[in-house]
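Q: I have a model open and want to learn how to read it. Can we go feature by feature?

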Amino acid sequence: MCALSNSAPPSYTVKLLVPSDDGQKESEQVVTVGADEHILNAANAQGIVLPAMCRQGRCVTCAGRIVGGEVDNSDADMYFPEDRAAGFVLLCTAKPCSDLTIRTNQQDSMRAHRLALGLPAPYA
Ligand code: FES
């Protein structure tokens, strides 16, 4: 959960760094995400298509990596302290706790991170 604050804003600005298909370039997409909204849903509703399968925080397909800011990923079915420590986020079940910058399409590196630690890595 996000740290409690009586003055928390109702929404945050989330900058998504989206790699091109060949990984050579990155485009920047900015979305507004409600404090009680999952980042993937907000991005989809604002016309940004990102990888996703289960939408329950289990399959790792929607993985991103935090460049700056804080998220609440407690809605995920399977999200480990080690994921958080490494900066990974599951966008389907993550709510913003601050303005954010997140690099998307990180499923391969999150699965490699999980495998290196002996943690479950679906579809690896
Ligand atoms: S879509 Fe499966 S973990 Fe997010």
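Q: Among contacts between residues at least 6 apart in sequence, what share joins residues at least 24 apart?
A: In this chain, 60% of them do. Two residues are in contact if their C-beta atoms, placed from the backbone, lie within 7 Å. The model is predicted: local features need pLDDT of at least 70, side-chain atom pairs count only at pLDDT 80 or more, and totals for chains, interfaces and linings use all residues. Residues are numbered from 1 along each chain as its sequence is written.

Q: How many helices and strands does the chain have?
A: Helices (H or I, at least four residues) and strands (E, at least two) are DSSP runs, numbered from the N terminus. Here there are 3 helices and 7 strands. Their order from the N terminus is β-β-α-β-β-α-β-β-β-α.

Q: What radius of gyration would a compact globule with 124 residues have, and what does the chain have?
A: The radius is taken over C-alpha atoms, and the globule rule is 2.2 Å times the number of residues to the power 0.38. That puts a compact globule near 14 Å; the chain has 14 Å, which agrees. The C-alpha trace spans about 40 × 30 × 25 Å along its principal axes.

Q: What is the strand order in the open sheet?
A: Strands of a sheet pair through backbone hydrogen bonds, either parallel or antiparallel. Two strands count as paired if DSSP finds at least two bridges between them. The open sheet here has 5 strands in the order 2-1-7-3-5, with mixed pairing. Strand 2 and strand 5 stand at the edges, each with a single partner strand, so one side of each lacks a neighbour in the sheet. Neighbouring strands are turned by 35° against each other on average, direction ignored. For that angle, axes are lines fitted to C-alpha atoms, for helices over the stretch in contact, and angles run from 0 to 180 degrees between N-to-C directions.

Q: Which pairs in the sheet are parallel and which antiparallel?
A: Walk across the sheet. Strand 1 and strand 2 run antiparallel, joined by 9 bridges. Leu 16 stands opposite Gln 29 in strand 2. These two strands form a hairpin with 6 residues between them, and Gly 23 in the turn has a positive phi of about 75°.
Strand 1 and strand 7 pair in the parallel sense over 4 bridges. There, Leu 17 has Arg 103 of strand 7 as its bridge partner.
Strand 3 (residues 63-68) pairs with strand 7 (residues 100-103) in the antiparallel sense over 3 bridges. Gly 68 has Thr 101 as its bridge partner in strand 7.
Strand 3 also pairs with strand 5 (residues 88-90), antiparallel over 3 bridges. Arg 65 faces Phe 88 across that pair.

Q: Which residues of the largest nonpolar core touch the most other members?
A: In soluble globular proteins, nonpolar side chains tend to be buried together. A residue is buried if 20 or more other C-beta atoms lie within 10 Å of its own, exposed if 12 or fewer, and partly exposed in between, with C-beta atoms placed from the backbone. A nonpolar core is a set of buried Ala, Val, Leu, Ile, Met, Phe, Trp, Tyr and Cys residues joined through C-beta atoms within 7 Å. The largest has 24 residues; Val 14, Ile 39, Val 89, Leu 90 and Leu 91 touch the most other members. Strand 1 (11-19), strand 2 (26-34), helix 1 (39-45), strand 5 and strand 7 each supply at least two residues. Helix 1 gives the most, with 4 residues. Beyond its neighbours within four places in sequence, Leu 90 has contacts including Gly 57, Val 60, Cys 62 and Tyr 79.

Q: Which residues of helix 3 are buried, and which are exposed?
A: An α-helix has 3.6 residues a turn, so residues three or four places apart point the same way. In helix 3 (residues 107-116), Gln 107, Met 110, Arg 111, His 113 and Arg 114 are buried. Seen down the axis, they fall within an arc of 155° (of the directions from the helix axis to the C-beta atoms), so they line one face. These buried residues pack against strand 3 and strand 5. The face turned away carries the exposed residues Asp 108, Leu 115 and Ala 116.

Q: Where does Asn 105 lie, with its positive phi?
A: Most residues other than glycine have a negative phi. Asn 105, not a glycine, has a positive phi of about 55°. Asn 105 lies in the loop between strand 7 and helix 3. Asn 105 is buried, with 21 other C-beta atoms within 10 Å.

Q: Is Tyr 123 buried or exposed?
A: Tyr 123 is exposed, with 9 other C-beta atoms within 10 Å. Its phi is positive too, about 65°. Tyr 123 is found in the segment after helix 3.
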